[in-house]
Amino acid sequence: MSAVPRSEKAGKAGKAAKPSGRFRRMLDRLSSSQEDLESQELREDAQATGCTRISECSDRQIVKVAGTLRTVTLRPRAGVPALEAELFDGTEPLDVVWLGRRSIVGIEPGRRIIASGRVAMSHGRRVLFNPTYELRPLGKE
């Protein structure tokens, strides 16, 4: 029998396990690819801003999503100019389309934005047409 109460033993065991947890997270981080790390950061950012994950969005649902613009292209739709961008939040991509626009200041690859609107499905991909959006600050916050 030990003279140390159970609650103190549990506390000591918890302290011993904590460094190995940090060590495990450090090893996981070192062995992960850059893309995996960026995806994890985007998922955490979307959750912190209170946005819906793109993978959880369903057809005709009104959503607010956050992520990074991967690509921005000018592609006419039915003879009307359309600025298209691919938004990625770490789970899945979402196409964001502004009809009648050739360019928008601040909408460029690598920029983080929060967009909201009604999700539509087009050719098996999620699309937001003419969303309201908020540009996130450049660099670290």
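Hi everyone, I'll walk you through the confidence, the strands and the core of this model.

Please keep in mind that the model is predicted. The mean pLDDT of the protein is 82, and 78% of its residues reach 70 or more. One stretch to treat with care is residues 7–19, where pLDDT stays under 50. For that stretch the model has two contacts beyond four places in sequence.

Let's begin with β1, which covers 62–74. Which way does β1 pair with β4? The sense is antiparallel, and the pairing runs over seven bridges. If you look for V63, you will find its bridge partner in β4, namely G117. β1 also pairs with β2, again in the antiparallel sense, this time over six bridges. There, T73 has E84 of β2 as its bridge partner.

While we are on β1, have a look at T68, which is found in this strand. Is T68 buried or exposed? T68 is buried, because its relative accessible area of 16% falls under the 20% cut-off. Among the residues T68 touches, leaving out those up to four places away in sequence, are L42, E86, L87, F88 and G110.

Next, the core. The largest nonpolar core has 17 residues, and V65, L87, L94, W98, I107 and L128 are those with the most contacts inside it. Two or more residues each come from β1, β2 (82–88), β3 (93–99) and β4 (112–122).

Let's finish with L128. Setting aside neighbours within four places in sequence, L128 is in contact with residues including V63, V65, L94, V96, A115 and V119.

Notes: Residues are numbered from 1 along each chain as its sequence is written. This is a predicted model: local features need pLDDT of at least 70, side-chain atom pairs count only at pLDDT 80 or more; totals for chains, interfaces and linings use all residues. Side-chain values use heavy atoms; hydrogens and water are left out. A nonpolar core is a set of buried Ala, Val, Leu, Ile, Met, Phe, Trp, Tyr and Cys residues joined through side-chain atoms within 4.5 Å. Buried means under 20% relative accessible area, exposed over 50%, partly exposed in between (1.4 Å probe, protein chains only). Helices (H or I, at least four residues) and strands (E, at least two) are DSSP runs, numbered from the N terminus. Contact means heavy atoms within 4.5 Å. pLDDT is the predictor's confidence in each residue, from 0 to 100. Two strands pair if DSSP finds at least two bridges between them.
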